[in-house]
Amino acid sequence: MKKIAVIGSGTMGNGIAHVFAQNGFAVSLVDISEEALNKALATITKNLDRIIAKGNLTEEQKSQTLGRITTYTNMQQGVQEADLIVEAATENVDLKLKIFKDLDSFAKPEAILASNTSSISITKIASVTNRPDKVIGMHFMNPVPVMKLVEIIRGYSTSDEVTSQVMDMSLQLGKVPTECNDYPGFVANRILMPMINEAIYSLYEGVAGVEEIDTIMKLGMAHPMGPLQLADFIGLDVCLSILNVLHDGFGNPKYAPCPLLVNMVQAGHKGVKSGQGFYSWTHGSKELIVADRFKKKQQFQ
């Protein structure tokens, strides 16, 4: 497999395109918006410059990496020659099903179709295609160029051969592929999201404040960042979507999203992407500043 197509040029999509291109693959980056594609290329360029500043890349290698990426606003044109297509669109089941139905008709018959979904059933996604044996999950972690893990999710019909190919390709990217089966949330988010949800409940019920909750988890549990800060980075809307998938999939009330999380998303406070979450992200520095709403010692209904 030498030619890769990536569907979606947002945070995950541009990171996936970056990693494939830097490791010698020809990449077609597909998005419906030309503006989004230009923004993605600017982000990739900035991230490559950071690697250069650390002495781990040359200017020539940066130029070669960027030269391997071609952008498309037409999906059919972007995927028709791809050996592997990685979908990295918004975590919305209806959107993903539509994309995979289209990919199945546009891609060559032998192409592998992968989803970067963090929670949606690979088996369900595969069911709208005529190649369920060639549909698999490749759940990259954010930020993609830095994080080593790729969670490889086998759908009910994913073949051994396709799983082996995708595992091998992940190794070529310098990643650590880890295989799991197709159940709601897989492994990463089945464990992570209840923890984040419980941290939000602890804030909601007035057990402790934002800074206190995150400090306890960082210093007491050796987490690199606290669960509330991590939720802001993931996107509170994404956290809510994943919790809903878990709750619907298992029918277990322990996965029910905290009312505070629901209210914040409905109010448009989605974390880093919106500038406001549990922390304020509009000040332009790396300093953690608790959002004004959560500075008072009270319950946060």
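The domain assignment, taken from an automatic or database source, divides the protein chain into domain 1 (3-181) and domain 2 (189-294). Their C-alpha centres lie 27 Å apart. Five residues from domain 1 and five residues from domain 2 form the contact between them, where contact means heavy atoms within 4.5 Å. The model is predicted, so local features are reported only at pLDDT of at least 70 and side-chain atom pairs only at pLDDT 80 or more, while totals for chains, interfaces and linings use all residues. Residues are numbered from 1 along each chain as its sequence is written, and side-chain values use heavy atoms, with hydrogens and water left out.

An unreviewed UniProt entry lists residues 3-182 as "domain: 3-hydroxyacyl-CoA dehydrogenase NAD binding". That span is 43% helix and 22% strand, and its end C-alpha atoms lie 26 Å apart. For residues 185-281, the unreviewed entry gives "domain: 3-hydroxyacyl-CoA dehydrogenase C-terminal". Here the chain is 62% helix and 2% strand, with end C-alpha atoms 28 Å apart. UniProt positions follow the numbering used here, feature names are shortened, and annotations may be inferred rather than shown by experiment. Helices (H or I, at least four residues) and strands (E, at least two) are DSSP runs, numbered from the N terminus.

Helix α5 covers residues 93-106. Its 14 residues reach 20 Å from first C-alpha to last, close to the 20 Å expected at 1.5 Å a residue. The expected span is 1.5 Å times one less than the number of residues. Lys 96, Leu 97, Ile 99, Phe 100, Leu 103 and Asp 104 are the buried residues of α5. They sit on the same side of the helix, because they cover an arc of only 165° around the axis. The arc is that of the directions from the helix axis to the C-beta atoms. Buried means under 20% relative accessible area, exposed over 50%, and partly exposed in between (1.4 Å probe, protein chains only). The face of α5 turned away from the buried side carries exposed Asp 94, Lys 98, Lys 101 and Ser 105. An α-helix has 3.6 residues a turn, so residues three or four places apart point the same way. The cover over the buried residues of α5 includes strands β1 (3-7), β4 (84-87), β5 (112-115) and β6 (135-140). Helices α4 (75-79) and α6 (122-126) are also among the covering elements. At the start of α5, a side-chain oxygen of Asn 92 comes to within 3.1 Å of the backbone nitrogen of Asp 94.

Helix α9 (210-221) has twelve residues. Val 210, Ile 213, Asp 214 and Met 217 are its buried residues. These residues fall within an arc of 90° seen down the axis, so they line one face of α9. Ile 216, Leu 219 and Gly 220 are exposed on the other side. Elements covering the buried residues of α9 include α8, α10, β9 and β10 (289-290). Ala 222 follows α9 and has a positive phi, near 60°. Ala 222 lies in the loop between α9 and α10 and is exposed, with a relative accessible area of 66%.

In helix α10 (residues 227-234), Pro 227, Leu 228, Gln 229, Ala 231 and Asp 232 are buried. Their cover includes α8, α9, α11 (236-250) and β9 (279-280). Just after α10, Gly 235 takes a positive phi of about 110°.

Asn 197 belongs to helix α8 (residues 188-204). Asn 197 counts as buried, at 3% relative accessibility. Leaving out residues up to four places away in sequence, Asn 197 touches Leu 243, Lys 254, Tyr 255, Ala 256, Pro 257, Cys 258 and Leu 261. Leu 171, in helix α7 (residues 160-172), counts as exposed at 52% relative accessibility. The C-alpha atoms of Leu 171 and Gly 220 are separated by 33 Å, and the two residues are 49 apart along the chain.

Two further backbone features complete the description. Most residues other than glycine have a negative phi, and most peptide bonds are trans. Phe 186 has a positive phi, near 55°. Phe 186 is placed in the loop between β8 (176-181) and α8 and is buried, with a relative accessible area of 4%. A cis peptide bond, with omega about 0°, joins Asn 142 and Pro 143. Pro 143 is found in the loop between β6 and β7 (149-154).

Methods: A polar contact is a pair of N or O atoms within 3.5 Å; within protein, one must be able to donate a hydrogen and the other to accept it, and residues adjacent in sequence count only if both atoms are side-chain atoms.
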